[in-house]
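Dear colleague,

I am passing on the structure below, together with some notes on what I found in it. Please read the two side by side.

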Amino acid sequence: RTIAYVVELAGSELTMKAPAGGRYTLVPDSPTVFYITGQRVEFFVDASGSPTHFVMTIVEGDMKAIRK
């Protein structure tokens, strides 16, 4: 099953649109770790610094989302 998350830079804030709707602001903890509604989101980058995927830690376990 494929689920699409949309991550965008809105002004100076990083936001995420969830599949079920709603847009949320990602609160930074470090350059690659953010929190959204209490869930940890870590972004991973390639050698050039471009994001490749993120891992969201939720109650059910880690969920990996690959960049399209």
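The notes below begin with the conventions and then go through the core, the aromatic rings, the hairpins, the neighbouring residues and the pocket.

This is a predicted model, so that local features need pLDDT of at least 70 and side-chain atom pairs count only at pLDDT 80 or more, while totals for chains, interfaces and linings use all residues. Residues are numbered from 1 along each chain as its sequence is written, and side-chain values use heavy atoms, with hydrogens and water left out.

The largest nonpolar core has eleven residues, namely Leu14, Met16, Leu26, Phe34, Ile36, Val41, Phe43, Phe54, Met56, Met63 and Ala65. By nonpolar core I mean a set of buried Ala, Val, Leu, Ile, Met, Phe, Trp, Tyr and Cys residues joined through side-chain atoms within 4.5 Å, where buried is under 20% relative accessible area, exposed is over 50% and partly exposed lies in between, with a 1.4 Å probe and protein chains only. Two or more residues of this core come from each of strand S2 (13-17), strand S4 (33-36), strand S5 (39-45), strand S6 (51-58) and strand S7 (61-66); strands (E, at least two residues) and helices (H or I, at least four) are DSSP runs numbered from the N terminus.

How many aromatic pairs does the structure hold? There are three, a pair being rings of Phe, Tyr and Trp (its six-membered ring) whose centres lie within 6.5 Å, with planes under 30 degrees apart called stacked, over 60 edge-to-face and the rest tilted. One of them joins Phe34 and Phe43 edge-to-face, at 5.7 Å centre to centre and with 90° between the planes. Another is the tilted pair of Phe43 and Phe54, for which the centres are 5.5 Å apart and the planes make 55°; this pair links distant parts of the chain, since Phe43 is in strand S5 and Phe54 in strand S6, eleven residues apart. Phe34 counts as buried because its relative accessibility is 11%, and Phe43 because its value is 13%, while Phe54 is buried at 6%. Tyr5, Phe34, Phe43 and Phe54 together form one aromatic cluster.

Turning to the strand pairing, S4 and S5 pair in the antiparallel sense over four bridges, where two strands pair if DSSP finds at least two bridges between them. Tyr35 stands opposite Arg40 in S5, and S4 and S5 form a hairpin with two residues between them. Thr37, in the loop between S4 and S5, has a positive phi of about 45° although it is not a glycine, and Thr37 counts as exposed because its relative accessible area is 61%. S5 and S6 also pair in the antiparallel sense, over six bridges, with Val41 opposite Met56 in S6; their hairpin has five residues between the strands, and Gly49 in that turn has a positive phi of about 95°.

Which residues lie around Leu26? Leu26, which is found in strand S3 and is buried at 3% relative accessibility, touches Val7, Leu14, Thr15, Met16, Phe34, Tyr35, Ile36, Val41 and Phe43, not counting residues up to four places away in sequence; contact here means heavy atoms within 4.5 Å. Leu26 and Thr15 are eleven residues apart in sequence and 5.5 Å apart in space, C-alpha to C-alpha. Thr15 itself has its place in strand S2 and is buried, with a relative accessible area of 6%. In the loop between S2 and strand S3 (23-28) lies Gly22, which counts as partly exposed at 38% relative accessibility and, leaving aside neighbours within four places in sequence, is in contact with Met16 and Lys17.

Last, the largest pocket holds about 540 Å³ of space. On a 1 Å grid over the protein atoms alone, a pocket is an open set of points where a 1.4 Å probe fits, with protein on both sides within 12 Å along at least five of seven lines, and lining residues have an atom within 4 Å of a point; grid points are joined across faces, edges and corners, and the volume is the space filled by probe spheres set on the points. Of the 21 residues that line this pocket, the closest to its centre are Tyr5, Phe54, Ile66, Arg67 and Lys68. Strand S1 (6-10), S6 and S7 each give two or more residues to the lining.

Best regards
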